[in-house]
Amino acid sequence: MTARRVIVNLLLLATLSATAAAQEAETPKREVERSVGADELPGAALAVLEEVAAVVEAADYYRETDGEGVSFEAKLQARGYLWSVEFFESGRLMNVEQLIPFDEIPGPVRARIERGLDSLFARHTLTRIQRQYTPEDEDDGEDLLEDLLEREDDDDEEDLDALVRYEMEANARNGDVLGAFELTFDADGRLVQQRRIIRRPLDNLLY
Amino acid sequence: MRRMSWWLVVLVLLGGVCAGGLAEVRAQGTVDVIVEPAVSYSWASGDRWGYIAQLVGFMAVTHLEDRPFLEHTEAQLAASYGLGVRTKLGGGYLYRWDDPLEDGYAGEHRLMQQVGIVTYLGDRRLAHRLRAEQRIRTSSYVNRWRYRLGYEVPLQGERLDPGEAYLNTSAEALVSFDRDFIGDESRVFAALGWFFSNRRKVEVGLQYRAQDVLAEGDVGHLLLITTAYYLSR
């Protein structure tokens, strides 16, 4: 058997043994999201969702674990928007995120966000913008989703008992820095948080 | 549930393509089946530069009376430069050892240049790859142009988390030419992958190749059973 044949057999063995080990977790803390049926959601979460069932056109549900806790998420289509509604394990509402175009952000806030982005990056492209509503206290969560989905477009956000933030994803570059970033701005357009999005290697797609 | 139905449809369609190819191959009595194991190691230098080393074997399963078990082995080293977050320019070198020695010489030198454009749809990824290759043998010089459309989708929820499975599919068109001839090839590929972490993943798949479909004469059919182990630093 030639050395080359030995090498190729080792290649095959390596890949097959790695496949056999596929189900074993590599990291002790694993974030896992899986699709679930509505019947697997906590009762309190279902009660919140039932209040808006009349205006929801489509819904998917997910259960998330991060090794420490469990949460649930409902992705809804309603009133021409995509909504992501997150619940604690108990079913209490954690927050609501609404996917929006950038020009739906009020003008002065938008201008401040643009100035902030320009100061951070030489070039950037926003790829995803969400308006995030977080209940100001535990009791406000029960009605927040209903208030959001049933209010008129010109209703003032200040009437909502929720903390409003804008969460954005951007492809950006600045000199040697090149990557995707998640940026969170408060309701006035001030940068609250910035983190880099770590994407999977492209080795299997480009080579 | 809707999402699961969607990827099942994709899987069935691609399985159908591979099964159709295999049926065609069997009908013509020209079954050519290859097992292709591969190991890949990639690493990055800063945000823009990336490198990849790859070792691939081609092991014949059929027609062993006419050819050796190990037909050829390829070693590849390539670099890529990120023009933007979505666009990568790349180039590399590949050496291929042949057995038996085609045209009396041991192997082939291959130079590659490519551009890849990736679109991120949540955690799904759509990738276009346009590649030019120069295949250099002592007795010949052949150019090859390739376009591949690839799509990768998580199979357990919207996000691909460590320990979860994904589907990697692609379709590719290739044209080879020199001064005297032009040849074509089409490839479809579907693989089931397991994502352990950003440093490690494995894919097991099927690739069907149809060669010289546009030329007069017999069409060549090839079915590859692929296993690929991807390591990243």
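Is B:Tyr141 buried, partly exposed or exposed? B:Tyr141 is partly exposed, with a relative accessible area of 41%. Here buried means under 20% relative accessible area, exposed means over 50%, and partly exposed lies in between (1.4 Å probe, protein chains only).

## Basis of the model

This is a predicted model, in which local features need pLDDT of at least 70 and side-chain atom pairs count only at pLDDT 80 or more, while totals for chains, interfaces and linings use all residues. Residues are numbered from 1 along each chain as its sequence is written, chains are lettered from A and ligands numbered from 1 in the order in which they are written, and side-chain values use heavy atoms, with hydrogens and water left out.

## Strand 7 of chain B

B:Tyr141 lies in strand 7 of chain B. Helices (H or I, at least four residues) and strands (E, at least two) are DSSP runs, numbered from the N terminus.

B:Trp145 is exposed, at a relative accessible area of 52%. Leaving out residues up to four places away in sequence, B:Trp145 touches B:Arg131, B:Ala132, B:Ala173, B:Leu174, B:Val175 and B:Phe177; contact means heavy atoms within 4.5 Å.

## Where the two chains meet

In chain B, 75 residues are in contact with 46 residues of chain A. The two chains bury about 5200 Å² between them, 54% of it on carbon and sulfur atoms. Buried area is the accessible area (1.4 Å probe) that two parts lose on being put together, summed over both. B:Asp47, B:Val85 and B:Arg125 supply 12% of the area that chain B buries against chain A, more than any other three residues.

## Salt bridges between the chains

Side chains of opposite charge can pair when their charged atoms come close. A salt bridge is a side-chain nitrogen of Lys or Arg within 4 Å of a carboxyl oxygen of Asp or Glu.

A:Arg200 forms a salt bridge with B:Glu152, with the closest N and O atoms 2.5 Å apart. A:Arg200 also meets B:Asp123 in a salt bridge (3.2 Å, N to O). B:Asp123 lies in the loop between strand 5 (107-121) and strand 6 (124-136) of chain B, and A:Arg200 in the loop between strand 9 (191-197) and helix 5 (203-206) of chain A, so this pair joins two chains. A:Arg200 is buried, with a relative accessible area of 10%, whereas B:Asp123 is partly exposed at 24%.

## A network within chain B

B:Glu74 and B:Arg96 meet in a salt bridge through their side chains (3.7 Å, N to O). The pair links distant parts of the chain, with B:Glu74 in strand 3 (residues 70-82) and B:Arg96 in strand 4 (residues 87-98), 22 residues apart. Both B:Glu74 and B:Arg96 are buried. Salt bridges that share partners join B:Glu74, B:Arg96, B:Asp98, B:Glu108, B:Arg110, B:Arg135 and B:Arg137 into one network.
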